[in-house]
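Dear colleague,

Here is the structure I promised to pass on to you. Please open it beside this message, and read what follows with the model in view.

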Amino acid sequence: MEGILWKWTNYWNGWQTRWFVLENGVLSYCKSQDEVKQGFKGSVKVQACEINVCFLDNTRMDLVIPGEQHLYLRAATSQERQKWLVALGTAKAGINRNEKSIDEPNPDALKSKKSELRLYCDLLMQQVHVIKSAALHDNGPEIEKMDEATRFLGATCNTFIKTLEECMTLSNVDVKNPVTPINDVPFPLTNSIPSSRKVVLKV
């Protein structure tokens with residue numbers, strides 16, 4: 001995925017447009033699309049980032065590597081942000097659905113999927129907040145805003161459910177040594193008990 005996002009630079013220059021490219025789990029950027037061939041100005045490995053959504057701005061998203069790097073971004077619209085969040089969440093999961101089967105054991109896949117679920121959960125909470133705010137507006141319900149937010153909510157729910165199903169599948173794949181139920185454990189025969197520990201019952 002690629003396109004224009006606004007990147008926070010500093011308090012002097014504020015938000016500036018940059019051309020971003022998400023490829024092979026790496027988010028890279030340069031000043032414009034024409035400068036891609038000259039090389040990117042910066043990049044970040046998505047799998048190492050915490051992806052946060054802003055509840056006060058439905059176009060903003062933050063990529064944070066704790067203690068190292070912060071990347072504050074804004075999309076042109078909330079629709080564009082949702083597309084980027086889904087793409088970033090998939091990249092963070094570290095699984096290419098087109099090339100790798102979900103049934104193949106992968107020790108890091110389940111952890112990544114859980115992280116992806118948290119991202120979609122945050123997004124769902126924000127979308128519900130937008131719908132609630134629009135419905136309880138002082139001047140009456142904002143129908144157009146509610147309709148738009150509802151469409152986004154439906155799309156996010158579908159993605160969340162699909163990711164949850166993949167997470168459950170990975171959980172089943174990772175279970176290699178299931179615990180035997182106690183009812184299925186055979187009771188040892190008397191002959192298998194050492195003679196020194198046999199108990200003789202006298203009537």
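W6 stands opposite R74 in strand 7, and this pair belongs to the contact between strand 1 (residues 2–10) and strand 7 (residues 69–74), which run antiparallel and are joined by two bridges. Two strands are taken to pair if DSSP finds at least two bridges between them, while helices (H or I, at least four residues) and strands (E, at least two) are DSSP runs, numbered from the N terminus.

Before going further, please note that this is a predicted model, in which local features need pLDDT of at least 70 and side-chain atom pairs count only at pLDDT 80 or more, whereas totals for chains, interfaces and linings use all residues. Residues are numbered from 1 along each chain as its sequence is written, and side-chain values use heavy atoms, with hydrogens and water left out.

The chain holds three helices and seven strands, and along the sequence these follow the pattern β-β-β-β-β-β-β-α-α-α. Of its 203 residues, 33% are buried, where buried means under 20% relative accessible area, exposed over 50%, and partly exposed in between (1.4 Å probe, protein chains only).

The seven strands form an open sheet with antiparallel pairing, in the order 4-3-2-1-7-6-5. Strand 4 (42–45) and strand 5 (50–53) stand at the edges, and because each has a single partner strand, one side of each is left without a neighbour in the sheet. From one strand to the next the twist averages 35 degrees, with axes being lines fitted to C-alpha atoms, for helices over the stretch in contact, and angles running from 0 to 180 degrees between N-to-C directions.

Two residues lie between strand 2 and strand 3 in their hairpin. N24 sits in the loop between strand 2 (14–23) and strand 3 (26–30), has a phi near 55 degrees, a positive value in a residue other than glycine, and counts as exposed at 75% relative accessibility. Most residues other than glycine have a negative phi.

The second largest pocket contains about 150 Å³ of space. A pocket, on a 1 Å grid over the protein atoms alone, is an open set of points where a 1.4 Å probe fits, with protein on both sides within 12 Å along at least five of seven lines, and lining residues have an atom within 4 Å of a point. Among the lining residues are N58, S78, R81, L123, K145 and F152, and helix 1 (78–93), helix 2 (109–135) and helix 3 (143–174) each give two or more residues to the lining. Domain 1 (2–93) and domain 2 (107–173) each supply at least three residues, the domain bounds coming from an automatic or database domain assignment.

Finally, K114 lies in helix 2 and is partly exposed, with a relative accessible area of 44%. The C-alpha atoms of K114 and T163 are separated by 8.7 Å, although these residues are 49 residues apart along the chain.

Technical notes. Grid points are joined across faces, edges and corners, and a volume is the space filled by probe spheres set on the points.
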